[in-house]
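Please look through the structure shown here before reading on. The text below then goes through it part by part.

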Amino acid sequence: MIAAVEARAVSRELPGPVPVTLVRNIDLTVSPGEFVAVTGPSGSGKSSLLYLLGLLDVPTAGTVLIEGRETDTLKPDQLAGLRLARIGFVFQFHFLLPEFTCQANVEIPIRRLGALSDQAARRRAAGLLESLEVSEHGGKYPDQVSGGQRQRVAIARALANDPPLLLADEPTGNLDTRTAHVVFDLFRDLAHSQGRSVVVVTHDTDLASMADRRIHLVDGTIVE
Amino acid sequence: MALPIGVDIAIQHLLHRRRQTLVSLLGVALGVGFFIGISAMMQGFQRDFIARIIDVQPHIIVKDEVRTAPRQPVEWIYGDGAVDLRGLKPREEVRGIRGARNIMATLDEVPGVQVAPALSGNLLLRFGGRDVSVNVTGIDPVRERKVTHIEKDLLSGSLDALYTTSNAIILGEGVAAKAGIRKDDLISAVSPVGVVLKMKVVGIFRSNITLIDNFDTYVLLKKAQVLQNRANVINRLNLRLDDIEQSGPLAERIERQFGYRSEPWQEQSRNVLGIFVIQNGIMYSTVGAILIVSCFGIYNVISTVVFEKTRDIGILKSMGFRPRDIRRIFVLEGLIVGLTGTVLGWLLGWSLIEGLASIHLNMEGFIKSQGFILYRTPRHYIIGAVMAVVSATLAAWVPARRASRLNPVDIVRGAG
């Protein structure tokens, strides 16, 4: 089976008078339908690893493969294309565009990809909001809904183009414990029932235990 | 059908900064509007003036002058030598064009060219105790009517009356007004050589060019020669061309062939045309300044949007928007401001023109007019639009490029 995402000896170093190593020589494979939690202390390189896996950042050594395809030779536009169609991102902050309604926010990646008609895009966005139980808030603006609801809308947006890989960076950092558990349940469901690969960065070991596999990082290196 | 997502985002950004967007729009609209209004006014005046002088004045005047003093024989022989002539006394030449009739006959052969002889000089008109100094031009009416539009400009009388009435004179409207002279009045004309004639006013003309109407008079060529005491002398040949564009080249050819100074209409009106160049420079500088100010406004708005929307740019990039998609969004914002401002500016410019057209006032400057002379042309609207859209887009380009270069990792790291 081809891995949804694979890191081969990936390192990321920030250049400067005193170079800083964010992640060091990481090998990681995430299979389709697998739910992986990345934990570690602050500054251990969790988010850096996630940005590398999500092609937002480029490794200084090693390579990242998306569905078996090496990405180190791809041009920025091609990387953007892969992010658009094959990867969904969820961040600690919802990052919903405040000028657009929740429904319109979910439609943005669909419209950018341009694979669906306007009507089909609206239907798909509405369906995603419904599956995430926020359909009644589709017509509202992000500042008119709660933090948990915003994060669900952000997850719906990440799933808008039906990506096989979902990456989440501290997605529950701004949520209360109950809502955080609901969101993690949702991720587990996305992995197990929809076959998506989900990689979630969290510092919460309790939530991390809900994942199929847990990776612990210290000083940019996987220690367990 | 939904707008492309980039256009939608650009519009939403502008709508959420309504006040600043409005100020930028007004800047562009004012620039475009005033450009159209002022251009219509200034070009209207300039084109009218040029049309009138082309209409009224000969297209080329051959004068009994030479541009440079004739070279002395020693200068011909020792062209490269260190020749320095001092205390040279030039030969007294009889003024007038030598062989004018032959030159006229030659020019008559040139297709599309009409030529008329003239003798011009000064005259003092005396009427009712008032003296008016004027220019007098002796003309051959048969030829003159083919060269200038003096006949068309006559308010009263006729050109042929110069033949049928002895000692007849035609006056400019301003000359007549200055001395209170009316048609059929008998006036005294005193020439610089002391010839005094009783002359009858057989016509009054109005060219609407103040200088001409206030100082010019016409008599028969023979009568001018009597007044100047210069029998058979012609000191000007006036030419009219079917193709006005040929004025310059033909004048050059005539001067080369006959040696006499030949001035095309552009040279005759060089002073005024020079003022027009300065006027246009001032106009374009002013409108340019307005547009530059509005560009700063647009730059400011787009820069602020880029700054405020840094997080959105980060998430858009993480979603798969390419740098050029991001750049397009912000350039589009400048373009939208430029285009919308242009449309508003068109309306403003059109209103300005129509407003100016409705004002009635008697003006007397270079030319006489009962109101603003306006030149309406789509060209001004197109130039205004191109200037506005290009400058607005350029103003947006710099912040747009900065936005496209933002690193999404830096943004999402800093945004938590």
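Which side chain meets that of A:Arg213 in a salt bridge? The partner is A:Glu34, at 2.6 Å from N to O; a salt bridge here is a side-chain nitrogen of Lys or Arg within 4 Å of a carboxyl oxygen of Asp or Glu. The pair links distant parts of the chain, 179 residues apart: A:Arg213 belongs to strand 9 (residues 213-218) of chain A, and A:Glu34 to the loop between strand 2 (20-30) and strand 3 of chain A. Helices (H or I, at least four residues) and strands (E, at least two) are DSSP runs, numbered from the N terminus. A:Glu34 is buried, with a relative accessible area of 15%, whereas A:Arg213 is partly exposed at 28%. Buried means under 20% relative accessible area, exposed over 50%, and partly exposed in between (1.4 Å probe, protein chains only).

This is a predicted model, in which local features need pLDDT of at least 70 and side-chain atom pairs count only at pLDDT 80 or more, while totals for chains, interfaces and linings use all residues. Residues are numbered from 1 along each chain as its sequence is written, chains are lettered from A and ligands numbered from 1 in the order in which they are written, and side-chain values use heavy atoms, with hydrogens and water left out.

Two strands pair if DSSP finds at least two bridges between them. Strand 3 (residues 35-39) and strand 8 (residues 197-201) of chain A pair in the parallel sense over four bridges, and A:Phe35 stands opposite A:Val198 in strand 8.

Helix 2 (residues 76-86) of chain A has several buried residues: A:Leu79, A:Ala80, A:Leu82, A:Arg83 and A:Leu84. These pack against strand 5 (69-70), strand 6 (87-90) and helix 3 (102-113) of chain A, together with helix 13 (310-319) of chain B.

That last partner leads to the interface. Chain A and chain B bury about 2600 Å² between them, 63% of it on carbon and sulfur atoms; buried area is the accessible area (1.4 Å probe) that two parts lose on being put together, summed over both. A:Phe95, A:Glu99 and A:Arg112 supply 26% of the area that chain A buries against chain B, more than any other three residues. The contact, meaning heavy atoms within 4.5 Å, takes 24 residues from chain A and 29 residues from chain B.

Four salt bridges are counted between the two chains. In one of them, the side chains of A:Glu99 and B:Lys309 meet at 2.2 Å, N to O. Helix 1 (46-53), helix 2 and helix 3 of chain A each supply at least two residues of the side that touches chain B.

Over all chains, the structure holds 27 salt bridges. B:Arg376 forms one with B:Glu354, the closest N and O atoms being 3.3 Å apart. The two are 22 residues apart, B:Arg376 in the loop between strand 12 (368-371) and helix 15 (378-404) of chain B and B:Glu354 in helix 14 (residues 323-357) of chain B. Salt bridges that share partners also join A:Arg112, B:Arg322, B:Asp325 and B:Arg328 into one network.
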